[in-house]
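Hi,

Here is the structure I promised to send you. Have a look at it first, and then read on for what turned up.

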Amino acid sequence: MLCAPLFRDGVNSMKNRQKIRPWTYSLPALILIGIIVVFPILYTGYISLTNMNLYHWDDYHIIGLENFARALTKVDSGFLGALATTILWTVLNMVIQVVLAFFIALGLNVKGLKLSRFYKTLLMFPWAMPAYISILLWRVGMYNTEFGFLNKVLAALGFEKMNFLSENVPAFISCMVLNLWMALPFMIMMMDSALQSVDKSYYESAKLDGAGFWKQTWYITVPAIRPILIPSVIMTTFTTFKQFDIVYLLTMQKGSLSGATLQTIITYAHQNAFVSNNYGLSSAVSIVIFGFIILFSLFTNRGVKEEA
Amino acid sequence: MRRKIAMILCATMVTTLFAGCGSGTENTVATSTEEGKEETSANEGEVVSIWHDGDEAIMKVIEDQVNEELSDDNITVKFEKKSGLTDQIKLYGNDAESGPDMYMYAHDSLGTFVEMGVLSPITDVVDESVYADMLPMTQEAGNYKGEQYLLPVYFETLLFMYNKDLWEGEVPSTTEDLYAYMQEHTDADAGTYAVVNQHSTAYNVSPFINGFGGYIIDEDANPGLTDEKTKEAIEYNKKFAELQADGDYNTVTTLFNEGKAAAIVGGPWLISGIKDAGINLGIKSLSDFTLPNGNSLAPYSGIQGVGVMKHAAEEKKDAVAKVLTAISDPEVGIALAKEASCAPANQKAYEDEAVKSDEMIAAMERTAETAEPMPNIPEMSVMWGPAESLLAAVNKSGDDLDAAAEQYQKEAEAAITDMQ
């Protein structure tokens, strides 16, 4: 009789311990995330409620939601235009990336292809290079009006020199080509490993049934690699969506503006939030844009899940 | 056993994690202050730290010269390079423990630092006579709202630099003749140019804007992008821009250094690259070019000056005063000119034979007559963006000047309102 409560206590304490144990294990990681991710967001939230700016550097105080009222009037037409550009940028980049990577990976997996390992290593190159260097190399080595490869080709063919980055449409395409160059290797690698995991016997039986290349691709390859590819597509979608350095370094670097006025939401946020030295207002703009991005990613995430 | 290992690993991870959180700057500053303290106790002298974001070779010249002069006073000056100085001063400007005692930087951020409340006027520490010999233009640059905050040390401005082996005949003395020369000697398809300039960078277009009587921003922080004279200057610059390649910094300097452009409009910071490229360099002051309206070209100038932090002005007044006096000595200017090719702010330095005979420094001194210091009000920091967007829109994208000027004037006004 006496044993029962003791036993129950033992079970409870074990249950408690089991509840606590995972938390203690993940505590260091949680602290780290708290310091690096959560604290800055909360602090930005706090600053957005104050009048911290150049003229109130040490003597700032809480002024309520005034900054948000100003931020919302700022986030008007410019923001919507930037959002539209960003969506177009993401969609175009992703579609081209997935389709191109798929066919290049198929090509790399053709039976009897000589030196396929060599090609794969070569294709990895753009991915291994630091983005900052690739972008500046492209700016000078490819697009530059005087020394760029593209203009050398144009000149050799007898055409006039072209400034690829001075107007929005050519600049958008130039940025996209560079982004594809930089992002394709990852996609190709993913596709390549996914393709290698497909059971070859499916193709053999399909061949016996008389299916050609397109039918095999559509009914066997695509469904077979889809579950493996979805995580990498989601990841790449996010990195493409928040792409900043390509657009910034190619067209809007301080002191060497190219003339194009392309804005993605991240370059827009940068331009509106970090040049005025008004930290209160900048924080409010950041929080508003942060909110938009969260909403947008929830929306896309749900879309992707449904599709999966 | 396993639990113990796990505990040890966990503890190590947490310690390293927090060790990593310490600010690098604080650490270095702390060490240098400690070193300073050690020295203090050893020599019973005082250490005055000056933060800068410039060329360390230049700072070394000043440091050596000043320390030599102050050797009897037991004061040591330490120049410390801090990249992104503006941000560093925002963080440590009012911090007597980890921050600097003085700083040396271009004058255009002066207004920002004063409004933040980190600087004391130098007149709180030294007498006006200390900076009386400085070129008037450089004194003006260090003056904000009627108070002198910077002791000018040296200045930079734009020059007309040409390749003597490529330039045919005399360099013209009017901009119209220069344009005619450019039309004759430019072959964009072949990639050879008469004159190149960063034609869409506000600093490099300032000789035209100021020469036409226009302005980017006035003293009362009104943007001047839609000012008729500014627009006239931008329109005039456009015809030159058409013959000046892309106008990107890397493009124009490479064109000149590779002998594909006969002349470049640029500052003294280009000299070392030009010398390395083996160009037979000739220099002409921009003040020696006349615009169609009869005015000379009037480039912006940037003055490197020394300012005093509020806490240092109170706590180390005597030492700071001695340092300022030592820096104002013409010998510092002469050393800067001879060893680092800088144009000194001190007029007396130009009496030295070696300084007088240096072609570039003589041209800089001459340009100082028409050069205008960049505005030093805080609002200028948000003007570069809209002004350069306007220039790029007009020169590179072929946008209509009036419409673009309206658009970027509004952007500039909004940016200025956002500062408040």
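In what sense do strand S8 (residues 159–163) of chain B and S11(B) pair, and over how many bridges? They pair in the antiparallel sense, and five bridges join them. Along this pairing, Phe160(B) stands opposite Lys284(B) of S11(B). Before you go further, keep in mind that this is a predicted model.

Now for the sheet itself. S8(B) and S11(B) belong to an open sheet of four strands, with mixed pairing and the order S9-S10-S8-S11 in chain B. At the edges you'll find S9 and strand S11 (281–285) of chain B; each has a single partner strand, so one side of each is left without a neighbour in the sheet. On average, neighbouring strands here are turned by 20° against each other, direction ignored.

H7(B) lies across S9 and strand S10 (261–266) of chain B, and runs at about 135° to S9(B). H16(B) also packs on the sheet, where it touches S8 and S11 of chain B, and its direction makes about 15° with that of S11(B).

Which residues of helix H7 (residues 175–185) of chain B are buried? They are Thr175(B), Tyr181(B) and Met182(B). Why do they end up on the same side of H7(B)? Because they cover an arc of only 115° around the axis. These buried residues pack against strand S9 (193–196) and helix H9 (228–241) of chain B. On the face turned away from the buried side, H7(B) carries the exposed residues Glu176(B), Gln183(B) and Glu184(B).

Where they touch, domain 1 of chain B gives 21 residues and domain 2 of chain B gives 18 residues. On the domain 1 side, the elements that give two or more residues are helix H5 (110–116) and helix H16 (359–367) of chain B. The largest share of that side, six residues, comes from H16(B). By class, the domain 1 side divides into seven nonpolar, seven polar and seven charged residues.

Last, the two chains. Their contact takes 26 residues from chain A and 35 residues from chain B. The side of chain A that touches chain B has ten nonpolar, twelve polar and four charged residues.

Cheers

Definitions and conventions
Residues numbered from 1 in each chain as written. Chains lettered and ligands numbered in written order. Predicted model: local features only at pLDDT ≥ 70, side-chain atom pairs only at ≥ 80, totals over all residues. Contact = placed C-beta atoms within 7 Å. Nonpolar A, V, L, I, M, F, W, Y, C, P; charged D, E, K, R; others polar. Buried ≥ 20, exposed ≤ 12 C-beta atoms within 10 Å, placed from the backbone. Arc of directions from axis to C-beta. Pairing = 2+ DSSP bridges. Axes fitted to C-alpha atoms, helices over the stretch in contact; angles between N-to-C directions.
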